[in-house]
Amino acid sequence: MTMVIPWCPDFDYFRTRWCYCIIHIIRVLMCGRVESLKLMKSTLAMLFIGVASISSAQFQFVSDNRNEVSKFLKPYEKPAKLLNKSGAPAFLLDSTYRWTYSSGWAQNAAEYPTYNGTGLEIERIYVTVNGGNRTNSSREVYYYDMNGFLVKYMYYTWNATMWDSTMKVTYTNDGNGNPTEVIAQLINAGNWENNSKSTLTYNASNNWTLLLSQLWQGGAWENYRQVSLTYDANDNLTNSYTVLWNGLSWDNSSRIISNFNSTNDNILTYYFNWNVSLWDTTGRMTASYDTQHHLINVYSDNLVQAVWENGSHTHYTYDGQGNNSNMFIESWDGMKWVNSSSYDYAYDVNNNLIKERLMLWNMGAWNNIDSASYYYSAFVGVNEWQGVQDQILIYPNPSRGLFTLKLPEGNERCLVEVRDVSGKVVKTTQTSWQMSASSVSLDMSAYTSGLYYLTVKGNNYLGTGKLLLEK
C-alpha cells in the first residue's frame, strides 16, 4: 500500500514523537517490514537514514491539518492532548480496515489498537484478511512511565499458534520528555542482541539539534551517521547537516537549507550533496500557502548540468473545516505536466479522518488502488464513568489481576459484568454492599492481558467504565 496521512510533521512536531517514530524506522531498516506506508512513517524512516536523503516536498513543507487519527496513531502523545479545544473528550481510533482494488474492492488488512486510562496506545494488533479469513500478522506493545513517556516498545510476529517477540526498543528520556537515547535489540536464537542506538541532544527550546546513530559491531557501538540541526529565532528548522563515519573520522554527506517567510511558512528548500571538495546543489522545492497558512502547492525541481528541470507538483485541497480533502500529484514528462496520483480524504463531524483512497493515473483514466476506513469512540478514562452520579473507582488500574471497585455508599445490590473488546461477557459477579462496606474485589488473574469493559447494574442506575489488565 501507499496510503498516506494527509499531512506531514515539522521537526518540532516530529521531535515530540520521536520515540514512536523510531519503532517504524528500525522496522524498515532492520526487519525489512513496513506495516503501514502512511506518510508519517515512511518519511521518518527516510529521516533516520539521513535528513538530507529526503527528496520529496512532503517532509519539508508542512500542512496545518493535524487531525485526531494522526494524533492517536502516535502513542507518544501527551495525555493533556486528549481534550480538544472545547474541553470535550477526544476520540480514540478503535480500528482501521484496509482495502485493495482489483476487479472490485476487497479487504486485505485491519488494525486494532488498545489504550490505557489516559488514552495512550498500549497495544496494536495487525491482521491480514484474505477471502474473509483473518490471520494475525504482527503485534506492537508500548510501555510508559508515570509521566506518560514511552520507555519500552515490543514487536511480535505471529507464528500460527503464538506471538514471537522479534524486536525490543528501550528509551531514556530527559525531564522534558525528550528521548535522549534509543536502543534497539533483535532476538537471535532466543537471546536479545544489540542492533542500533540513537543518541539525541536538544537546545533550550527542546528542539532536537543533534542525532548520533550507531550500529552494534563486534561487541561495541560503532559510529554510523550524525545529523546536526539549526533553527532560527522562531524555532524554524533552517539547516540540517549530515556526516557519515568512515572508520576514522566524519565525512560530509548531505545538507538541506530551508527558508521561511514572515509568517513562518517554509517557502523554499535547497538540497546539497558533498562532492569530494564542495557542495553540489541537487534539488529545490518551493511552496505556496493560502491565507490560513494551509499548504497549497509544492514544486520539486532537479538541477541537471546547471539547469533547473521540473520534477513534480503536488496540489492540496481543503474542506470548510480546514481538513485536507485531496492531494493531487503530477509529474513532468519533459514537455508538460501529466497526472500521477490522487489521494482523497473524508472526515466525520468531529474532523476525524474516516476514509482515504489512493488512485493512480494509467492509460488516460484514474484507477482505484487502495483505501482505508477508520472508526472511533469518544475517550473515557479507565477511572471515569458514565451514567453514575456517585463515581465508582477502580484501583489499582492497570492491575496484574486483582482489582478493587469502590462503589457508591448505600444499601444496594448490583450486578458486575466484564466484557472483552469484542463485547463478549467474560465474567459476571453479583454482590451487595452496605453503607460501611463499599468496596468489592474483582479477580481477573485467570484472563489474558488487555482492555476490558465493565458494567455495574444497580437498582437505580447503570454505570460503565474500563479496566486494564497487565500481567
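Lys466 is part of strand S27, which spans residues 462-469. The structure discussed here is a predicted model.

**Charged residues in strands**

- Lys466 has a relative accessibility of 14%, and it therefore counts as buried, the cut-off being under 20%.
- Glu111 belongs to strand S2, formed by residues 105-115.
- Because its relative accessible area is 3%, Glu111 is buried.
- A polar contact of 2.7 Å connects the side chain of Glu111 with the side chain of Arg124.

**Strands S13 and S14**

- Strand S13 (residues 266-275) runs antiparallel to strand S14 (residues 278-289), and eight bridges join them.
- Within this pairing, Asn275 is positioned opposite Leu278 of S14.
- The two strands form a hairpin with two residues between them.
- Val276, located in the turn of that hairpin, has a positive phi of about 65°.

**Strands S14 and S15**

- S14 also pairs with S15 in the antiparallel sense, through seven bridges.
- Opposite Met285 stands Ser300 in S15.
- Five residues separate S14 from S15 in their hairpin.
- In the turn, His293 adopts a positive phi of about 65°.

**Strands S15 and S16**

- Strand S15 (residues 295-304) is joined by eight bridges to strand S16 (residues 307-318), and the two run antiparallel.
- Ser300, the residue that stands opposite Met285, has Ser312 as its bridge partner in S16.
- The hairpin of S15 and S16 has two residues between the strands.
- Gln305 in this hairpin takes a positive phi near 50°.

**Strands S16 and S17**

- The pairing of S16 with strand S17 (residues 324-332) is antiparallel and comprises seven bridges.
- Thr314 is found opposite Ile329 in S17.
- The hairpin of S16 and S17 contains five residues between the strands.
- Gly322 takes a positive phi near 85° in this hairpin.

**Summary of the pairings**

- Eight bridges join S13 to S14, and seven bridges pair S14 with S15.
- Eight bridges likewise join S15 to S16, while S16 and S17 pair over seven bridges.

How values were computed: Residues numbered from 1 in each chain as written. Predicted model: local features only at pLDDT ≥ 70, side-chain atom pairs only at ≥ 80, totals over all residues. Heavy atoms only, no water. Pairing = 2+ DSSP bridges. Helix = DSSP H or I, 4+ residues; strand = E, 2+ residues; numbered from the N terminus. Buried < 20%, exposed > 50% of the residue type's maximum accessible area, 1.4 Å probe, protein only. Polar contact = N/O pair within 3.5 Å; in protein donor to acceptor, adjacent residues only side chain to side chain.
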